Amino acid sequence: MPAPVAVVGGGTFGRGLAKALARTGRDVIVWSRTRRDSVDEHVHTTNDLAHVRDATLVFVAIPSARAPDVVPPLGDHLDGSHLLVHVSRGLVGDDLRTLTRYLRDETPCRRVGALAGPLVAQALADGTPGGAIVGTLFPEVSEAVREALAGPALRVYSTDDVIGVEVGSALVGLLALGLGFAQGIGMGPSTLAVFLTRGVAEVARIGVSLGAREKTFMGLAGTGDLLAAVAGDGRPEIELGRALARGMPVDEAVRTAGANIEGISLARRVAVYAARQKIDAPVCQITAEVLDGKVTPADAIATLMARRVTSE
Amino acid sequence: MSLLKGAPFRLPRLKPYVPDPGDPPIFWFNGEREDVIRDVTRRAVEKHGIDRAHFEYVLNELAYNEVRRLETQRGDEAREQLPFWRGLVRRIARMSDEEKRATLRTLAERMARDVAGNFDPRVYRIAIRMVPRVLSGVMSPRSLPMQAIAPNVGKLDELVRCEGTTEKLRKLAKIGTLVFVPTHVSNLDSVVLGYVLEREGLPPVVYGAGKNLFSNPVMSFFMHNLGAYRVDRRIKATLYKDVLKSYAGVMVERGYHSLFFPGGTRSRSGLIERHLKLGLAGSAVEAFARNQVRGQKRPILFVPTTINYALVLEAETLVEDWLKEAGKARYIIEDDESTRYERWLDFLRRISGMEGACTIRFGEPLDPFGNEVDDDGRSLTPHGKPIDPATYVSRGGKPIVDTARDVAYTTALGEKLPERYLRETVLMSTQLVAHVLFRKLVRATPSIDLFGRIRHRGDVAMLREDLVRSVGEARDRLLALESDGVLRVSRILRAEPPDRIVERALDVWNGYHAKTAAKESALEITIEEPELLLYYQNRLVPFATRIASEADASAAREIARIGGS
């Protein structure tokens, strides 16, 4: 009997992940601050972090903003043998620290990784065919994720460009938000295409400055993830963007989207970081300004379109 | 046929040396030497598994590399060895699998023998009596005759300072195996570090030294007999690298305290090392796993160490090399300042005028997974709870050796060490003065790049009072950062008034470097050689924005980008 798998975080994504894990017949321990009902006979819910210790592979599915409350106490129950994989689309602090880095700093675990790509809670729960990517330096981490999660319905790729996967995942979240917004104000396919291709190029520049490889952004963690958003995989960032486009105030729009969205706090930090590093990042900059209410949506698009056109 | 020419001289021994139980592990080395060579050979060969095609590849690659190296190198070594390698190239295709394996083993063993060090306690005892006197004698030549008679080494104690976790390391050296991983700026590093280890009651270490350092017979005699092993950077073959890695690993596994420069070569730019590949130091991570599998629980502890000079012997060549971006290609600088004897003398004479010319700082020791340890060598979690390091190399509760995993741990450690370097770097007065002057240059030459700037010789000046005031302000900010634990500041930088700091810096540069870094007149200081200032100030790059005033903020941001992010 293989060791159980744990999921820390009982939000929409955490529960979807637990369901996908349970499908392979493994026991799944789901930790959630507020105890919830089990979604499956193999899924055991708990509000005691100590129970996570029984698993070897632990998924961390909490918003990065909550990491300081959850991760250090979680670390007290783990040791060097645990494999820790997070699914967050967030980056920590003004220097955009990745979450794997945070996990290494705050827990005794070193064998860490990030799971990213076109993954949405509902598709995971339903077992809709799809793919994902694990960023980790440790082959045994990607093997464990594959073993726990992969099957006929999910292809799990891997890369050792951990930073690329994490930055890609976080910034694609940001682009998806902008995309929803642009769709919401009625932009046509060509405008969207320009927005997205320039957006990915920009994200790649930021990623490279943080130590990522450019190529990673062309894969599942970047373009792949974004294509799924464009195709309408029902991701909350798009919903949020559309709600904002309708003129809804930010906090109300967040409630409408119904999930924790990292993009909002991230946009401003990315914009500041890019300016400090002298990285050309108009898409992130404008997104941050729109979210802050500094420019109107129409002005934002006009600003972007009025930029001098150079070689690609 | 011998792979190595001119084996270093060893003293004859009539009866075997029996170490005292209290002696450091290295005293036992000679008894284990043959064993070590056998282990290393076996491991280097085993690494290539049993795949026939792969065996042939390794042999071919070795022969091809050696032929190419010897053909370009020429000389006696080439004349003697080329026929062997050329013959091998021809024979490989006809060899049976058994012959291939046997040849590989023979060659690996020959390499291991060439690499392996020696340790002669007699030489060690001579050295520890002699080195301080010679070093301090050379550092202040006028007092040489007196120094030679009186074993008074007080002077050198002042010149080379040691701080940090020394006390803890003394205790840990008895419980675990210490792996020193210092920053690297000068060829003097290993000598100074070796001296400090002995002076502070820390055990001697084994380390790989470039074969070029063995070319001087006197140096070679000492290095070889003090346990240094030989690294021939000219040999590029995979098998040779495997032998080196195995040697480094086997030594750590057997409990020999070791020294590796994880940056590989001296920092050409003067920047604190940011990206480490670790190289040989990585084998210490695998050594831990191998020991755990055998049930050997002795801790292996990495000691991040910074070696900080107010004046760097080879500064001019190093920075020139960096600017030419030739740093990667030229591993061995054949003719830098450190190979010229009179330059050493001059250098040592010069730093003798400065109190604390070199500061070695030992940081908190870390286990192979980046955890700090307590006084008993037990690993601690980030929140200070003891943790069993064996869990890091275990799967399903059992320790196993997994090369891919250990490579990943090594990469992670390579990210951790530079953070420690930053915290443990001791900033020196010359570096700060250089920084303030260079910042002025950046402000005075807006919107041109580094290469444009270093051509501005003699046309940017700073009023003396401005320089002194700026140095004073930046110093105060450094002190504030020091109290936050961000960095360290040298004793002089902490205690002396800013005008003295400026004076000292100008004095030592101008007296030593062939080029004048900055010229003084009554009222102002003129920047004469921006390259040199750049080199010294590069140590401060990571802190530039945090020690700048409002007016200097923009220049500081530009400086902060030197060397990439």
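User: Which residues of helix 2 of chain A are buried?
Analyst: In helix 2 (residues 67-75) of chain A, the buried residues are A67(A), V71(A), L74(A) and G75(A). Buried means that 20 or more other C-beta atoms lie within 10 Å of the residue's own; with 12 or fewer a residue is exposed, and in between it is partly exposed, the C-beta atoms being placed from the backbone. This is a predicted model, where local features need pLDDT of at least 70 and side-chain atom pairs count only at pLDDT 80 or more, while totals for chains, interfaces and linings use all residues. Residues are numbered from 1 along each chain as its sequence is written, and chains are lettered from A and ligands numbered from 1 in the order in which they are written.

User: What do the buried residues of helix 2 of chain A pack against?
Analyst: They pack against strand 1 and helix 3 of chain A. Helices (H or I, at least four residues) and strands (E, at least two) are DSSP runs, numbered from the N terminus. Contact here means C-beta atoms, placed from the backbone, within 7 Å.

User: How many bridges join strand 1 to strand 2 of chain A?
Analyst: There are 4 bridges to strand 2 (residues 28-31), and the two strands run parallel. Strands count as paired if DSSP finds at least two bridges between them. V5(A) stands opposite V28(A) of strand 2 of chain A.

User: What domains does chain A have?
Analyst: Domain 1 (5-160) and domain 2 (163-306); such bounds come from an automatic or database domain assignment. Their C-alpha centres lie 24 Å apart. The contact between them takes 27 residues from domain 1 of chain A and 28 residues from domain 2 of chain A.

User: Which element gives the most to the domain 1 side?
Analyst: Strand 7 of chain A, with 4 residues. That side of domain 1 divides into 13 nonpolar, 12 polar and 2 charged residues. Nonpolar covers Ala, Val, Leu, Ile, Met, Phe, Trp, Tyr, Cys and Pro, charged covers Asp, Glu, Lys and Arg, and the others, Gly among them, are polar.

User: Switching to chain B. How many helices and strands?
Analyst: Chain B has 22 helices and 14 strands. Of its 565 residues, 46% are buried.

User: What is the strand order in its open sheet of 7 strands?
Analyst: The order is 1-7-6-2-5-3-4, with mixed pairing. Strand 1 (160-164) and strand 4 (229-231) of chain B are at the edges with a single partner strand each, so one side of each has no neighbour in the sheet.

User: And helix 18 of chain B, which residues are buried there?
Analyst: L467(B), V468(B), S470(B), V471(B), A474(B), R475(B) and L478(B). Down the axis of helix 18 of chain B they fall within an arc of 165°, so they line one face; the arc is taken from the directions from the helix axis to the C-beta atoms. The face turned away from the buried side carries the exposed residues E465(B), D476(B), A480(B) and S483(B).

User: What follows helix 18 of chain B?
Analyst: G485(B) follows, with a positive phi near 80°.

How values were computed
Two residues are in contact if their C-beta atoms, placed from the backbone, lie within 7 Å.
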